[in-house]
Amino acid sequence: MATPHLDTLKRDGFVVVRNLLSPTEIAHYRTIATEATTKTRTGGWPHFRTVPKQFPPWPTTPPPASEGGIWGVQHLLHPSMPGRESFARCYFSEPILSVVEELVGIKPSAGADEPLVMELFNLLVAPETKDFELRWHRDDVSENATAEEELQQLEAKSPGGRQSHAQYNLALCPDSSLIVVPGSHRRARTDIERNAAPYEPNLPNQLVVQLQPGDAVFYDSNILHRGVYKGKAEGGEESRLTLHGSVGLKADDAVDAERKKVRATAVLQHGVGAWVHGDDAAFGIGERPERMRANLVAMGTGEGVGFSLQG
């Protein structure tokens with residue numbers, strides 16, 4: 001069976017999939033994403049990413065707009081999130097899950113033994129009044145790792161170039177925030193990369209991923225990458241609304257115990273385990289979302305798992 005998306009991901013570390021959403025869907029999701037952002041900026045939603053922090057744990061109070069405010073809204077699938085059912089229909093949609101299935105190497109699921117795991121669905125937004133940047137990083141490999149340690153961890157987390165999860169950015173506005181170094185997901189950093197400043201604006205061979213509304217980029221979470229977010233005018237129209245999701249592959253406990261532990265940390269560090277267990281967290285939009293949610297519940301609550309990266 002042809003696997004064009006997986007082939008590109010293995011080679012480059014990312015793959016852009018155009019037009020995953022229709023114009024009607026783009027307009028609808030942009031409306032509810034704007035409402036979620038406004039609610040969060042005005043103190044009505046307690047789960048967010050704040051400027052200038054890059055990684056969890058996140059503060060409990062958003063900074064004022066004059067300091068940049070928020071750059072992300074967390075937990076779009078939370079039972080109390082307005083528009084939650086619509087966000088869930090997007091996250092569990094066939095167009096997205098079909099790409100995920102190709103990338104993690106499974107056939108479409110129709111049975112009770114669900115191979116996919118519900119993980120995270122968040123929203124990335126423009127900070128207010130000021131620009132904000134993320135430093136160069138890999139999501140699950142320490143920047144202090146030696147070249148040998150990097151190679152060992154990259155192979156362990158992506159054997160044969162295939163990860164046990166799929167991570168993506170789905171744009172609702174034109175988005176050029178993600179910067180990657182193609183091919184860096186399968187090798188150790190070069191001396192130039194290792195010695196570069198954390199916010200170096202020009203690494204050799206870097207590429208700015210250009211997305212139009214409805215486009216998604218799926219990327220290996222351990223490609224060398226960073227984000228550059230342009231601030232919007234306070235009170236102005238939202239200039240960035242990007243759905244940021246991840247979907248996991250259920251681990252075989254006997255074979256993938258260590259990978260399961262690493263993935264649990266990467267997912268549960270965001271606090272999803274605190275709310276996903278209750279009956280009120282059920283979606284009511286079909287059996288597959290519930291099977292995927294059950295697989296996340298089986299990962300635990302997240303207490304004591306720690307954090308992949310901090311800062």
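These are my notebook entries on a predicted model of one protein chain.

**Entry 1: the whole chain**

I began with the confidence of the prediction. The mean pLDDT of the protein chain is 89, and 89% of its residues reach 70 or more.

Next I noted the elements. The protein chain holds eight helices and eleven strands. Of its 311 residues, 53% are buried. I also looked at contacts between residues at least 6 apart in sequence, and 83% of these join residues at least 24 apart.

**Entry 2**

In what order do the strands of the seven-stranded open sheet lie? I read the order as S1-S9-S6-S11-S4-S3-S2, with antiparallel pairing. The edge strands are S1 (14-17) and S2 (48-50), each of which pairs on one side only. From one strand to the next, the twist averages 20°.

I then checked what packs on this sheet. Helix H3 (residues 84-91) does, touching S4, S6 and S11. The direction of H3 makes about 120° with that of S4. Helix H4 (residues 94-104) also packs on the sheet, where it touches S1, S4, S6, S9 (216-219) and S11. For H4, the direction makes about 145° with that of S6.

**Entry 2: strand S11**

I followed S11, residues 241-249, through the sheet. How many of its nine residues are buried? I found eight, and I wrote the strand down as mostly covered.

On one pairing, nine bridges join S11 to S4 (residues 116-125), and the two strands run antiparallel. Within S11, Thr-242 stands opposite Leu-124. On the other pairing, seven bridges join S11 to S6 (residues 165-171), again antiparallel. There the bridge partner of Leu-170 is Leu-243 of S11.

I looked up the length of H2, which covers residues 23-41 and has 19 residues. From its first C-alpha to its last, H2 reaches 27 Å, close to the 27 Å expected at 1.5 Å a residue. The buried residues of H2 are Ile-26, Tyr-29, Ile-32, Ala-33, Ala-36, Thr-37, Thr-40 and Arg-41. What covers them includes S2, S3 (70-73), H3, S4 and S11. Just after H2 I found Gly-43, with a positive phi of about 85°.

H3 is mostly covered, with six of its eight residues buried. I listed these as Arg-84, Ser-86, Phe-87, Ala-88, Cys-90 and Tyr-91. The cover over the buried residues of H3 includes H2, H4, S4, S6, S11 and helix H8 (287-297).

**Entry 3: Lys-232**

Where is Lys-232 found? I located it in the loop between S10 (225-229) and S11. Is Lys-232 buried or exposed? Its relative accessibility is 6%, and the cut-off for buried is under 20%, so Lys-232 counts as buried.

I then looked up its surroundings, leaving aside neighbours within four places in sequence. Lys-232 is in contact with Arg-41, Ala-126, Pro-127, Glu-128, Thr-129, Glu-237, Glu-238 and Ser-239. Arg-41 had already turned up in my list of buried residues in H2.

**Entry 4: the sheet of four strands**

I ended with another open sheet, of four strands in the order S5-S10-S7-S8, with antiparallel pairing. Which strands are at its edges? They are S5 (132-133) and S8 (207-208), and each pairs on one side only. Two bridges join S5 to S10, and this pair runs antiparallel. In S10, Tyr-229 stands opposite Phe-132.

Methods:
Residues are numbered from 1 along each chain as its sequence is written. This is a predicted model: local features need pLDDT of at least 70, side-chain atom pairs count only at pLDDT 80 or more; totals for chains, interfaces and linings use all residues. Side-chain values use heavy atoms; hydrogens and water are left out. pLDDT is the predictor's confidence in each residue, from 0 to 100. Buried means under 20% relative accessible area, exposed over 50%, partly exposed in between (1.4 Å probe, protein chains only). Two strands pair if DSSP finds at least two bridges between them. Axes are lines fitted to C-alpha atoms, for helices over the stretch in contact, and angles run from 0 to 180 degrees between N-to-C directions. Contact means heavy atoms within 4.5 Å. The expected span of a helix is 1.5 Å times one less than its number of residues.
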